[in-house]
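Thanks for coming. I will walk through one model today, going from a pair of side chains out to the strands.

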Amino acid sequence: MELKDMHFMGYARKDGKKGIRNKVLIIYTVECASFVAKEIGRLSQNSAVDVVGFSGCTDNEYAVRLMISLIRHPNVGALLVVGLGCEYVQPEWLAEIAEEEGKQAAWMFIQNEGGTRKSVEKGIAIVNQFTEELKKVPRIDMGMKDLIIGAECGGSDYTSGLAGNVVTGRFFDKLVAEGGIAIFEEIVEAVGLLDFLEKRGIDEKARADIRYTYEKALEYCRSVRQYSISPGNFAGGLSTIEEKSMGAVIKSGTSPIEGVLKVAGSPPHPGLWLLDTTPDPHWMQFGITNPNDNEGLMALISCGSHITFLVTGRGNVVGSAVAPVIKITGNRETYRRMEEDMDFDAGRVLEGLCSLDELALELARLVAETASGEMTKSEALGHKEYFIPYKYQDKKDGNHV
Amino acid sequence: MKEKQRAFQIDDTDNVATALAHLAAGSLELLGDAKKRQLNAVEEIAAGHKIALRDIEAGEDIVKYGVSIGKATRRIGEGEWVHLHCMRSAYDERSIHLDVITGAPKDTKYE
């Protein structure tokens, strides 16, 4: 079966977007409210209830824009915001944004509700009511052309560049050909590859944005004296950031690059997009880039990814709030050792057991099954990680002019 | 069962290949985009690590995926293991301080 024949039933949102999950999102607006928010999520005993939040009392534009993008995400159908009562981030504003999208929303201050127990009880009642309402969301036919898929790697080893990312790249070529949207990130793992990436830019603006983003990331790495490569990568046989970079960039496939997105930006049209997660210059040097894999996944989801791929060599177990994560490994030993956590064994291609094209189609089928509601391994295990840091990024979409 | 001695060459301009399993010294089969199909490992090479496809001079580019992934810091003979002990990044100064086996940093002392 080719990609054009793969269909599934999604959720029709009032703003016209189509989601593949029908979630109630709980957001806390300061660390002081996180326990109550997480208790509401845990005690609701509903796998379609996710909790995310921002820990700072002082607000941060980047973090708030990221949370707003999650509210607008098509996998989210309803919103509950939990604040303490004295923080800068305003629960009421977030609830209003959800309502403008045609999504049910509620908010509360724990101080006003009278503490932990009362807030948790009220929150559970709200979440249960939203869950009932979400059953009425109309279903709608979706195809691969309706999907946004994001990809990043984590715990890379030599197989990532030989199999895991190579299969991802081949799938991305097919998705883009079908009219879908593919997003890849980790410009800090493109060190040494400026010419290679720049010439794939579809027009002068895309090329200029790629160059700007690359140079910003390289300057960042130079100034912190840290490149995106770790002891485990070296032990696994990768000798330099350039070697790891090429293995990482292969996941973008061969399509032209339409342009550069920033975190919480929406791709304006179909095709392949590069996501820039590096902080922009700021006097406080807000934020570090790629502090962990969930930060990258959250960034991909903030751009509307219905599903993300995490390509690993050495293994990883994480999932994510808001969008399912499909974990792919090119390392058969890792797959065997961590089969309960790994969704896709791409290492077969290295043993000559199947062709790259067959494997990319098999991955497409897994995407279609996941989009139709089947749980990924991390979803079934209850993983719902998230990471929303302080950072500074200006609002221009990867644009330097 | 002893695994087959195999390494994978990605691009035909590469001067290194990647070991697909732990390699003992001795002959091995080259897969992928390789012109020659046989190579002789002169030392043990761990899975995922690189083997030189030909003699590489000090200062020469190490080429994998058809692009430079760093420079040789000394002469490397055909069939030798290629890693942190004989090559370095053109960008990342920290990586030359890493332990060649574990990759752990040795440039910071904690007391």
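A salt bridge, as I use the term, is a side-chain nitrogen of Lys or Arg within 4 Å of a carboxyl oxygen of Asp or Glu. Please keep in mind that what you see is a predicted model.

With that term in hand, look at the place where the two chains touch. The side chains of E243(A) and K64(B) form a salt bridge there, at 2.7 Å from N to O. How many salt bridges are there between chain B and chain A? The count is two.

Which strands of chain B supply at least two residues each to the side that touches chain A? They are β1 (6–9), β2 (16–19), β7 (67–72) and β9 (87–88). Of that side of chain B, the largest share comes from β7(B), with four residues.

Now the extent of the contact. Chain B brings 36 residues to it, and chain A brings 28. The size of an interface is often given as the accessible area lost when the parts come together. Here the area buried between chain B and chain A is about 2400 Å², and carbon and sulfur atoms give 60% of it.

Next, the sheet in chain B. Six strands make an open sheet with mixed pairing, in the order β4-β3-β1-β2-β5-β8. β4 (38–41) and β8 (81–82) of chain B are at the edges and have a single partner strand each, so one side of each has no neighbour in the sheet. Further in, β2(B) and β5(B), residues 50–52, run antiparallel and are joined by three bridges. In β5(B), A52(B) is the bridge partner of V16(B).

Last, a strand in chain A. Is β4(A), residues 49–53, mostly covered or mostly open? Mostly covered: five of its five residues are buried. In a regular strand the side chains alternate between the two faces of the sheet. On one side of β4(A) are V49(A), V51(A) and G53(A), on the other D50(A) and V52(A), and all of these are buried.

β4(A) pairs with β3(A), residues 23–28, in the parallel sense over five bridges. One of the residues involved is L25(A), whose bridge partner in β4(A) is D50(A). Between β3(A) and β4(A) the chain passes through helix α1(A), residues 34–43, and this β-α-β crossover is right-handed.

Conventions: Residues are numbered from 1 along each chain as its sequence is written. Chains are lettered from A and ligands numbered from 1 in the order in which they are written. This is a predicted model: local features need pLDDT of at least 70, side-chain atom pairs count only at pLDDT 80 or more; totals for chains, interfaces and linings use all residues. Side-chain values use heavy atoms; hydrogens and water are left out. Buried means under 20% relative accessible area, exposed over 50%, partly exposed in between (1.4 Å probe, protein chains only). Two strands pair if DSSP finds at least two bridges between them. A crossover is right-handed if, with the strands pointing away from the viewer, the path from the first strand over the helix to the second runs clockwise. Contact means heavy atoms within 4.5 Å. Buried area is the accessible area (1.4 Å probe) that two parts lose on being put together, summed over both.
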